[in-house]
Amino acid sequence: MKLSQFKFNLPESLIAHTPAGIRDEARLMVLHRDSGKIEHKIFKDVLDYFDDKDVMILNNTKVFPARMYGNKEKTGATIEVFLLRELNKELRLWDVLVDPARKIRVGNKLYFGDDDLLIAEVVDNTTSRGRTIRFLFDGTDEEFRKNVEILGETPLPKYIKRKATTEDKERYQTIFAKHEGAVAAPTAGLHFSRELMKRLELKGVEFAEVTLHVGLGTFRPVEVEDLTKHKMDSEQFIIEEKQANIVNRGIERKSRICAVGTTSMRTIESAVSANKTLKPANDWTSKFIFPPYDFSIANSMITNFHTPESTLLMMVSAFGGYENVMNAYEVAVKEKYRFYSYGDAMLII
């Protein structure tokens with residue numbers, strides 16, 4: 001398929017800049033894959049579509065406060081440093097993006113916080129905006145993390161054109177987040193409240209947790225018309241044996257297996273065994289899913305409404321059927337559903 005087949009007109013007014021008042025009261029569109037039928041619901045109505053022994057696969061990655069602002073030595077110029085990932089814990093080496101990049105060279109020192117709570121030195125150039133930096137910090141790892149927590153901001157996507165608030169610290173994080181390492185939230189999971197999860201549990205729905213540390217590549221635009229030429233960024237994922245077993249028992253029972261979010265779907269599709277079951281893994285994936293694609297594990301999916309021409313929309317189209325999904329997006333625009341990270345949700349069954 002071609003990039004231009006995933007274009008659609010999205011009015012600026014439909015981009016959600018704030019979360020729904022209550023997590024599970026965002027809107028929910030239900031798309032039936034076999035017929036293309038569409039229903040309009042509220043998110044907590046997902047309860048009506050799942051039964052005893054069905055399985056929901058959740059991504060339990062935790063977003064860390066990745067956006068920091070520092071000052072360059074001598075000039076005092078303000079520099080935005082976006083922490084991408086830790087390369088070496090002992091040496092405190094990090095892979096980062098800097099802005100404005102032209103001012104940041106190898107050897108420069110950056111100072112963070114009013115009393116220079118953290119100091120970093122640039123040790124390498126990686127891409128035009130990418131740098132490797134080393135934090136010059138002698139305390140414990142716990143103290144270092146605490147300082148990052150104090151200095152860092154919730155890394156809201158750039159299209160949310162406002163400063164991050166204390167509310168974002170809680171709301172741009174799923175309630176089941178456990179393992180720190182993501183720079184973007186697995187947003188389909190943001191709609192789950194504790195009450196809704198309890199009600200699903202009481203109904204007999206099982207939860208299997210996987211971890212995929214979402215990187216900035218999730219927002220990277222596709223720049224080639226021929227999709228086979230697009231390369232995805234690599235992201236780390238972990239599936240424990242106990243969690244794989246929950247999913248595999250569901251497959252055996254022919255239960256409904258629901259991937260909550262594109263990141264959960266990408267994780268499970270990166271660890272399929274020869275007999276189409278889920279295998280435990282601790283690996284990196286650069287898997288790019290676009291139509292046509294034969295899914296092995298999940299037979300339903302919860303997802304948000306995504307950007308035109310994004311890899312996320314392509315994956316959803318592969319799962320729900322290209323015509324079905326593009327038609328559903330047309331309906332979503334007409335019905336004024338909210339789009340992107342803080343937007344409304346879609347259940348594909």
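The radius of gyration is taken over C-alpha atoms, and the globule rule used with it is 2.2 Å times the number of residues to the power 0.38.

**Figure 1. The whole protein chain.** This is a predicted model, in which local features need pLDDT of at least 70 and side-chain atom pairs count only at pLDDT 80 or more, while totals for chains, interfaces and linings use all residues. Residues are numbered from 1 along each chain as its sequence is written, and side-chain values use heavy atoms, with hydrogens and water left out. The radius of gyration of the protein chain is 21 Å, which agrees with the value near 20 Å that a compact globule of 349 residues would have. Along the principal axes, the C-alpha atoms fill a box of roughly 65 × 45 × 40 Å. The protein chain has seven helices and 17 strands; these are DSSP runs, numbered from the N terminus (helices: H or I, at least four residues; strands: E, at least two).

**Figure 2. Domain 1 and domain 2.** Domain 1 consists of 3–63 + 169–348, and domain 2 of 67–153; the bounds come from an automatic or database domain assignment. Taken over C-alpha atoms, the domain centres are 32 Å apart. Six residues from domain 1 and seven residues from domain 2 take part in the contact, where contact means heavy atoms within 4.5 Å. Between them the domains bury about 490 Å², with 58% of it on carbon and sulfur atoms. Buried area is the accessible area (1.4 Å probe) that two parts lose on being put together, summed over both.

**Figure 3. Salt bridge of Arg145 and Glu180.** The side chains of Arg145 and Glu180 form a salt bridge with an N to O distance of 3.6 Å. The term requires a side-chain nitrogen of Lys or Arg within 4 Å of a carboxyl oxygen of Asp or Glu. Two salt bridges are counted between domain 1 and domain 2.

**Figure 4. Salt bridge of Lys44 and Glu25.** The side chains of Lys44 and Glu25 meet in a salt bridge at 2.9 Å, N to O. This pair links distant parts of the chain, 19 residues apart: Lys44 is in the loop between β2 (38–42) and β3 (55–59), and Glu25 is in the segment before β1 (27–31). Side chains of opposite charge can pair when their charged atoms come close.

Figure 5. Most residues other than glycine have a negative phi, and most peptide bonds are trans. Asp99 and Pro100 are joined by a cis peptide bond with omega about 0°; Pro100 is in the loop between β7 (93–99) and β8 (109–112). The bond from Pro291 to Pro292 is also cis, with omega near -10°, and Pro292 is in the loop between β15 (281–285) and β16 (300–304). Arg92 is not a glycine, yet its phi is positive, at about 55°. Arg92 lies in the loop between β6 (78–88) and β7.
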